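Try each one yourself before you read its solution.

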Amino acid sequence: AASHTASATVSITVSSGSILSVTASGNPNSGQAPLNVSFTSNASGGTAPYNYSWTYGDGATGSGQNPSHTYTTAGNYTATVTATDSASHTASTTVSITVWRKP
C-alpha cells in the first residue's frame, strides 16, 4: 500500500563436468587356490584426481588404482571398486572371481 519495492541478486554457478564412472577387470578372473588376481580400474568424468578403494569379497580390503589380491579359499567372489573424485562424488563397479581348490 505504501508502494515500497525491494530487489535481490542471486549468483548461480553451473559446472560443465561429466558424471563420474569407473570400469574394472581382474586377471585372471578364475583359477585354482591360491589365486593371485591383478586388478585394474579406471575412473573418468567427475573431477580428478581420483581415489580408489576395494573390497575383494572375502573380507579383505585394499586401495589404489591397480592392486593385486590373493584368494586362498575356493569360492565365488565379487570384488568391488569405488572411485571417489575430488568433489567427493563416488562410482562403483564389480568384478566376478571364481576360485577352485586343488583336486
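**Exercise 1.** Find how many aromatic pairs the whole structure holds, and classify the pair Tyr-71 and Tyr-77.

Step by step: a search of the whole structure turns up four aromatic pairs. Rings of Phe, Tyr and Trp (its six-membered ring) pair if their centres lie within 6.5 Å; planes under 30 degrees apart are stacked, over 60 edge-to-face, and the rest tilted. For Tyr-71 and Tyr-77, the ring centres sit 4.8 Å apart and the planes meet at 35 degrees, so this pair is tilted. Now check the burial: Tyr-71 and Tyr-77 are both buried (under 20% relative accessible area, with a 1.4 Å probe and protein chains only). Elsewhere, ring pairs tie Phe-39, Trp-54 and Tyr-56 into a cluster.

A word on ground rules: this is a predicted model, where local features need pLDDT of at least 70, side-chain atom pairs need 80 or more, and totals for chains, interfaces and linings use all residues. Residues are numbered from 1 along each chain as its sequence is written, and side-chain values use heavy atoms, leaving out hydrogens and water.

**Exercise 2.** Work out which elements the protein has.

Start counting: there are eight strands and zero helices (DSSP runs, E of at least two residues for strands, H or I of at least four for helices).

**Exercise 3.** Compare the protein with a compact globule of 103 residues.

First, the globule would have a radius of gyration near 13 Å, whereas the protein has 22 Å (over C-alpha atoms; the globule rule is 2.2 Å times the number of residues to the power 0.38). Next, the C-alpha trace spans about 95 × 25 × 15 Å along its principal axes. Finally, 25% of the 103 residues are buried.

Terms used. Buried < 20%, exposed > 50% of the residue type's maximum accessible area, 1.4 Å probe, protein only.
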